[in-house]
Amino acid sequence: MSEQALSRALSRRSRMAHLKKQLGEGLFHLYGLTGYLFLYLPIIILVIFSFNDSRSTAQWAGFTTHWYADMMNDHQIILSLWNSLFVAIVSTLVSLVIGTLAALAMERYRFWGKLMMDAVLYLPIIIPDIAMAIMLLIFFDVSGIGFQPWKANFFGVHLAVPYSVIIGHVAFNISFVAVVVRARLAQMDQVLEEAAQDLYADPWRTFWRVTFPMLLPGIMGGALLAFTLSMDDFVITFFTSGAGFNTLPVRVFSMIKKGVTPKINAVSSLMLLFSLVLVAISLIIGKGGDENSSANTMF
Amino acid sequence: MSETYAVELRNVVKQFGEVVAVNNVSLRIGEGEFFSMLGPSGCGKTTTLRMIAGLEMPTSGSVMIYGEEQGYLPPYQRPVNTVFQNYALFPHMTVAQNVAFGLEMKKVPKDEIRRRVAEALELVQLTGKEKRRPKQLSGGQKQRVALARALVNRPKVLLLDEPLGALDLKLRKAMQSELKALQERVGITFVYVTHDQEEALVMSDRIAVMNEGNVLQVGTPEEIYETPTSRFVADFIGKTNFLNGEVVEIGDGLAKVVLENGAVVEASVPEGKTFVRGERATVSIRPERVYITPANELPDVRNAKAFSHLPAKLVKFFYVGSERRYVVLVGDTEVVVQAQNVDRSTRRCHTGDEVVLHWDSAQARLLKE
């Protein structure tokens with residue numbers, strides 16, 4: 001082979017390699033883009049059609065905020081929103097206390113039955129919602145706890161929230177709080193607690209002055225997670241609420257049965273916005289905590 | 001009434017399950033003493049320190065601080081403070097808040113806290129850094145905060161768990177002398193845990209050498225270095241040569257030992273140790289205590305009562321600037337000889353030469369094998 005032919009062959013080969021690389025990169029980007037479209041296109045369409053000036057959720061007929069106004073005037077929707085908030089706040093607070101204590105017990109102490117406790121604590125995360133919902137339904141029915149409402153005045157709104165719903169939400173939220181707080185606790189150097197004790201702090205003050213402030217980012221993370229899960233839970237709420245009690249997701253479900261209107265899109269868009277705000281808050285808290293708070297990277 | 005010690009341990013044992021971490025340790029640490037516990041990792045020195053602090057409870061035995069039995073008293077009720085290995089500063093508090101922590105827990109009035117925190121920070125030269133967070137400080141500064149946080153409480157005894165371990169060599173050397181000066185100034189008893197023998201020698205009034213949960217020897221740095229009573233101590237502190245042999249004669253503080261190659265040398269017998277004729281034993285001699293001369297030549301005998309002479313073969317020579325280092329073979333055993341390079345006179349021993357090693361017999365130690 002002559003030298004010229006060799007160099008020509010070589011340059012052709014390098015040109016081919018370059019093309020291949022470009023093609024590969026292009027396809028790779030396309031693949032990523034398709035993935036994102038698959039995930040977010042339905043949401044974008046949902047939001048767009050919440051502004052549709054027509055009863056149809058498929059054909060665009062001009063811009064309107066009519067459906068949002070309609071939503072705000074729908075007493076049932078507003079009541080179900082209050083119900084959702086009440087259930088989420090109460091169940092989050094209760095599960096924060098129990099979940100944090102459970103995390104402390106699992107991470108700091110050795111006791112009889114710890115291994116079993118560990119498994120039981122993770123169970124609500126692993127088992128299907130429907131199984132847990134049916135279990136709870138049977139439990140409330142058989143135990144005689146029933147579906148008695150808690151009549152509460154919540155920011156001036158009179159609510160009647162079944163205890164069973166709150167207990168049900170607490171039951172699954174404890175697990176999520178415990179997991180997040182435990183992750184944080186595992187990272188925390190126990191020698192800090194020893195240092196506090198060495199500096200005359202009894203266990204109670206050691207907890208409040210050292211352990212708790214160090215855990216706070218984890219606890220806040222757990223709170224946000226529990227709150228979000230509680231806000232958009234449908235299955236467990238549906239099964240444990242007895243008759244005539246609606247949270248927002250349950251309300252949306254019963255509206256869909258009567259036909260889909262852009263009002264549902266409006267409600268969904270609002271819930272989406274709400275979730276985004278929560279995520280933003282959690283990210284800000286995560287940044288504000290110290291550098292080794294990976295508990296917040298969970299979401 | 002017996003004398004009161006700052007810290008007294010009596011037959012302290014600590015077991016973790018099957019593992020004996022500390023095995024029947026008894027120590028008496030005097031008031032104002034800089035006392036070090038020295039040993040390799042896992043020798044039980046940190047566990048012993050933690051038992052004084054109350055962070056571990058002894059399996060048996062008793063821990064007393066200024067004559068008071070500590071029993072199962074929790075750490076927050078003991079009159080001691082600890083400087084932890086990796087400082088253990090509270091990351092969510094400022095320097096001033098860290099230092100004030102102990103005083104706040106003791107419910108000292110606010111004015112006094114402010115004054116004492118300022119004093120403590122001045123003592124460790126951190127005035128002006130009050131508002132910093134631990135992560136904004138260098139390793140040396142964190143070290144000083146940890147010291148201030150402990151000293152501000154005016155503990156009866158300060159416990160230090162390898163406090164200089166995380167610093168680089170240069171800073172460590174500087175902190176060693178600073179720490180020693182600080183201890184002399186505040187007059188508090190320091191119990192210092194380290195695995196660094198040089199650190200222990202430089203700083204301590206007395207050292208306890210530990211290995212495998214036992215205290216092998218307690219003494220001043222000089223005693224530990226000059227008159228080790230066991231092979232482990234001789235080996236762990238400084239450098240030494242070991243020559244194995246058999247005891248053939250025991251005299252007035254000195255014993256004659258026949259080495260494996262048939263040569264007979266003398267070594268001093270440590271106080272309190274008894275050897276019998278025919279017993280296998282080891283002679284320990286420090287490299288700088290050996291003189292080396294060409295065969296059939298004697299060094300200045302000076303005022304030594306007894307001198308040992310040992311024929312050997314020079315196999316390696318190193319010129320190290322401040323010293324000359326010779327490696328010789330005695331039978332199969334390598335022996336290192338260090339000679340201070342005090343004049344520029346030409347070296348008279350060369351690699352491959354037959355040489356003679358000499359030492360003042362009182363400088364060699366007879367140790368159990």
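**Exercise 1. Describe how the two domains of chain B are placed and which kinds of residue link them.**

Solution. In this predicted model, five residues of domain 1 of chain B are in contact with seven residues of domain 2 of chain B, where contact requires C-beta atoms, placed from the backbone, to lie within 7 Å. The bounds, which come from an automatic or database domain assignment, are 7-232 for domain 1 and 239-368 for domain 2. On the side of domain 1 of chain B that touches domain 2 of chain B, the classes are one nonpolar, three polar and one charged; Ala, Val, Leu, Ile, Met, Phe, Trp, Tyr, Cys and Pro count as nonpolar, Asp, Glu, Lys and Arg as charged, and the others, Gly among them, as polar. The C-alpha centres of the two domains of chain B lie 39 Å apart.

A note on conventions: residues are numbered from 1 along each chain as its sequence is written, while chains are lettered from A and ligands numbered from 1 in the order in which they are written. Because the model is predicted, local features need pLDDT of at least 70 and side-chain atom pairs count only at pLDDT 80 or more, whereas totals for chains, interfaces and linings use all residues.

**Exercise 2. Carry out the domain analysis for chain A.**

Solution. The assignment gives domain 1 (1-49) and domain 2 (67-298) in chain A, and 44 Å separate their centres, taken over C-alpha atoms. Four residues of domain 1 of chain A are in contact with five residues of domain 2 of chain A, and the domain 1 side comprises four nonpolar, no polar and no charged residues.

**Exercise 3. State what each chain gives to the contact between chains A and B, and which helices of chain A take part.**

Solution. Chain A gives 15 residues and chain B gives 16 residues. On the chain A side, α7 (191-198) and α8 (203-231) each supply at least two residues, helices being DSSP runs of H or I with at least four residues and strands runs of E with at least two, numbered from the N terminus. The largest share, six residues, comes from α7(A). By class, the chain A side has nine nonpolar, one polar and five charged residues.

**Exercise 4. Work out the strand order of the six-stranded open sheet in chain B, and say which strands stand at its edges.**

Solution. The order is β6-β7-β8-β3-β9-β10 (chain B), with mixed pairing, two strands being paired if DSSP finds at least two bridges between them. In chain B, β6 (80-83) and β10 (214-219) are the edge strands, each with a single partner strand, so one side of each is left without a neighbour in the sheet. Further in, β3 (residues 34-38) and β9 (residues 206-211) of chain B pair in the parallel sense over four bridges, and S36(B) stands opposite I207(B) in β9(B).
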